[in-house]
Amino acid sequence: MACCSFSLTATREWFLRRSFSAAGLKSSTTDLGDGTFMHCWVPTHHINSKPTLLLIHGIGANAKWQWNEFVPLLTPQFNVYVPDLLFFGDSYTTRPERSESFQAQCVAAVMDAHGVKRMNVVGLSYGGFVGFSLAAQFKERVERLVLCCAGVCLEDKDMDEGMFQSRTVDDSINVLFPQTTEKARDLIKLSFHKPIRGIPSFFLRDYIEYMCTSYIQERKELVHALHKDRKMSDLPKITQPTLIIWGEHDRIFPIELAYRLERHIGENAQLAVIKNAGHAINAEKPKEMYKHFNSFLIGPLPPSKPAKGNNINGHKLD
C-alpha cells in the first residue's frame, strides 16, 4: 500500500505564508553577489512615515515559524522586514564564512537593496548574536535594539565550567538540529519551561524531514563559529538603547548570561525577565514579549550614552 504523502509541516508552512501575506508582507529574494542569496519578507508598500523594524530569527525552522505571532501585531505600527538567515528558509551562500558578523553584513546588504538605511532591530536567540553584530558594525543604522534570550556574552570556557546542559558543542548541535524523534523531544524539553507533551512521533519525523535536513553541515558550522575562541574581551561595545528580554528558566542560555550582557552594555541597557518561561519565549509568552516590544520601541528615542572601550567601524559586504 502506498504511503501517504501528506505533510503537516508543509501544510503549516502554507498557512504561515498566507498569514504573512495577509499582514501586508511579500516574499523577496536578493542576489548579493558571489554566490549569496538572501530571502526576506518585506512590506508590500513601505510607508516612509512609519519606523522600520527588522525581526531576526534564531536557530530553528525559519523566520515564519518564529515570528508568526508577532507580524500581524507589528505591521500596523512598523514597516516590518523578516529575513531568513543564511542556511535557513531560502537563504544560502557558497562562501565559506560562518560568523554572525558575516550574517549581519548580509542582512545589512538586503536592507540596502530595499532602500532602508535606519531601523530598529529585534533578535531572537541566534538572531540576537546577529542583531548585536549589526548594531556594532553599523552604528548609525540601528536605532534601538532588542535582544531576546541571546547568549552574546558567552565565552568558550563557559561550557567547560558547566554553565550549559550540554558538555560539548557537538552535544548541543545534536539537540539543536535533531535527526531523530528522541533528540526532537530533548529539544522541546530543553527549550520550554513547561514542555509540550504528547506530540506524536509521526509529526516529529515529518518536521525533521521537512525542516532539519537541509544545510545541516552548514548549520553545524554556524554553531561552532559562535563558540570558537569566544571571549568577553573581544566583544565590542554598543551604544544604542537596548532592551534585553530573557526567560526566567532558560536552559539553553542560562539567565546569568542576561545579567552579564546587561553589565557589558551598561547604562544603555535595560533587562526584562519573563516569569515562568524558558528559552522559547516567543512560543511560551508571546503576549508578554509583545508588550515589552511595544513599550520599548514606540515613543521618542532616548539619548544613548557613549560607550567606552572597543569599537567596530561599519563596513559593507565584500
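## Contact of H4 with H5

Glu100, Ser101, Gln103, Ala104, Gln105, Val107 and Ala108 of H4 make contact (heavy atoms within 4.5 Å) with Tyr126, Phe129, Val130, Ser133, Leu134 and Gln137 of H5. By residue class, this contact comprises 7 nonpolar, 5 polar and 1 charged. Ala, Val, Leu, Ile, Met, Phe, Trp, Tyr, Cys and Pro count as nonpolar, Asp, Glu, Lys and Arg as charged, and the others, Gly among them, as polar.

The model is predicted: local features need pLDDT of at least 70 and side-chain atom pairs pLDDT 80 or more, while totals for chains, interfaces and linings use all residues. Residues are numbered from 1 along each chain as its sequence is written, and side-chain values use heavy atoms, without hydrogens and water.

The axes of H4 (residues 100–113) and H5 (residues 126–137) come within 8 Å and cross at roughly 70°. The two helices are therefore roughly perpendicular (65 to 115 degrees) to each other.

## Contact of H8 with H9

For H8 (residues 181–191) and H9 (residues 201–211), the axes come within 9 Å, with a crossing angle of roughly 95°. H8 is therefore roughly perpendicular to H9. Thr181, Ala184, Arg185 and Ile188 in H8 meet Ser201, Leu204, Arg205 and Ile208 in H9; these residues divide into 4 nonpolar, 2 polar and 2 charged.

Conventions. Axes fitted to C-alpha atoms, helices over the stretch in contact; angles between N-to-C directions. Helix = DSSP H or I, 4+ residues; strand = E, 2+ residues; numbered from the N terminus. Parallel < 35°, antiparallel > 145°, perpendicular 65-115°, else oblique.
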